[in-house]
Amino acid sequence: MFAVAMIAILICMALLISKAFTADSVFDRILVINSFGTKTVLLIAVLGFLSGRPDFLDLALLYALMNFIGTIGVLRFTRYGDLSSMDQDTTQKPDGVEWL
Amino acid sequence: MIDILLFAFLMLTALGILRLRDLFAAAMLSSLFSLLAASLFMVMDAVDVAFTEAAVGAGISTILMLATLAITKRQEKARKRQLRPGPALLVLACGAMLIYGTLDMPHFGTADAPVHTYLAPRYLEVSPIEVGPPNIVTSVLASYRGYDTFGETTVVFAAAVGVLLLLGGRRRFRDAGWDITMGVDLREVQEIVARRQEGLKLPEGDP
């Protein structure tokens, strides 16, 4: 059961890597990284049950949290080109991905 | 089995990073590389290393690379790619030597490896009495290797301060109207140019 789930996750990882090579827009790549982070979370969770020691499930939660924050950070960068522009300061890079 | 597949993914990703000209995509792929490496560490039961790899590799260093990209350009400069035999041979020789060095090491997971027989049993037996925390890794890092951890933290802090100065300082100067490379107040120059265009006389003392 868990072995099948693991195989499915690994196949998903392979598909995502191939997509990361061939993606043609910035947001596709960000999406690939985000869902790859999700695959990592799943891999950790399934791996725990596969090896009979599901002690690291909370670590998987932590990965999910970090993945979320990382994606937000990357998206901020594509929008503002900076992390510290917390206000509605869109004067410098108003049109998002133009700097890219 | 899982680790071999993950290794194959790692190599694929590394080759992809080498081939790509688009630096944003390369930054994203290096984040993917870190996530893969973290999974691999996880499979090898090194959860703390895996978490550090994921946090630093996939999180912070991706952000830092993007910050660098925001300052520079997105595309790598096109130049001819050709295989130069000298460096390639050197790299291959280094790799062969490293692999030769691993032949002496005990196999992964061996119970009677020196790592498991030297200090680890003592930590396992005495650390709950000597230090206290139920997590032995914590007591090793925070107590037995306290100075080491302190040094590492200092190094990481210094690196973070340096990077923040490099990335954040430039922006502050730019916001204040100063171009850091020229040392000239840009607003003043713009004012002078504007006045000149309006046909007004320059005030005395201005260049």
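Accessible areas here come from the Shrake-Rupley method with a 1.4 Å probe, and for residues only the protein chains shown count as cover. On that basis, chain A has an accessible surface of about 5,500 Å², with 70% of it belonging to carbon and sulfur atoms.

This is a predicted model, where local features need pLDDT of at least 70, side-chain atom pairs count only at pLDDT 80 or more, and totals for chains, interfaces and linings use all residues. Residues are numbered from 1 along each chain as its sequence is written, chains are lettered from A and ligands numbered from 1 in the order in which they are written, and side-chain values use heavy atoms, with hydrogens and water left out.

Let's start with chain A. It has 3 helices and 0 strands, in the order α-α-α along the sequence. (Helices, H or I with at least four residues, and strands, E with at least two, are DSSP runs numbered from the N terminus.) Of its 100 residues, 40% are buried; that means under 20% relative accessible area, while exposed means over 50% and partly exposed is in between, using a 1.4 Å probe and protein chains only.

Now for the inside. A nonpolar core is a set of buried Ala, Val, Leu, Ile, Met, Phe, Trp, Tyr and Cys residues joined through side-chain atoms within 4.5 Å. The largest one here holds 46 residues, and those touching the most other members are Leu10(A), Phe36(A), Tyr63(A), Leu6(B), Leu32(B) and Leu36(B). Elements giving two or more residues to this core are α1, α2 and α3 of chain A plus α1, α2 and α3 of chain B. The largest share, 11 residues, comes from α2(B).

Take Phe36(A): leaving aside neighbours within four places in sequence, its contacts (heavy atoms within 4.5 Å) include Met13(A), Ile17(A), Leu32(B) and Leu36(B). Ser39(B) sits in helix α2 of chain B and is buried, at 0% relative accessible area. Not counting residues up to four places away, Ser39(B) touches Met13(A), Thr40(A), Leu43(A) and Leu6(B).

Finally, the charged pairs. A salt bridge is a side-chain nitrogen of Lys or Arg within 4 Å of a carboxyl oxygen of Asp or Glu, and the whole structure has 2 of them over all chains.

| Salt bridge | N to O distance |
|---|---|
| Arg53(A) and Asp45(B) | 3.0 Å |
| Arg122(B) and Glu130(B) | 2.9 Å |

Arg53(A) is in the loop between α2 and α3 of chain A and Asp45(B) in the loop between α2 and α3 of chain B, so this pair joins two chains. Arg53(A) is partly exposed at 36% relative accessible area, and Asp45(B) is partly exposed at 43%.
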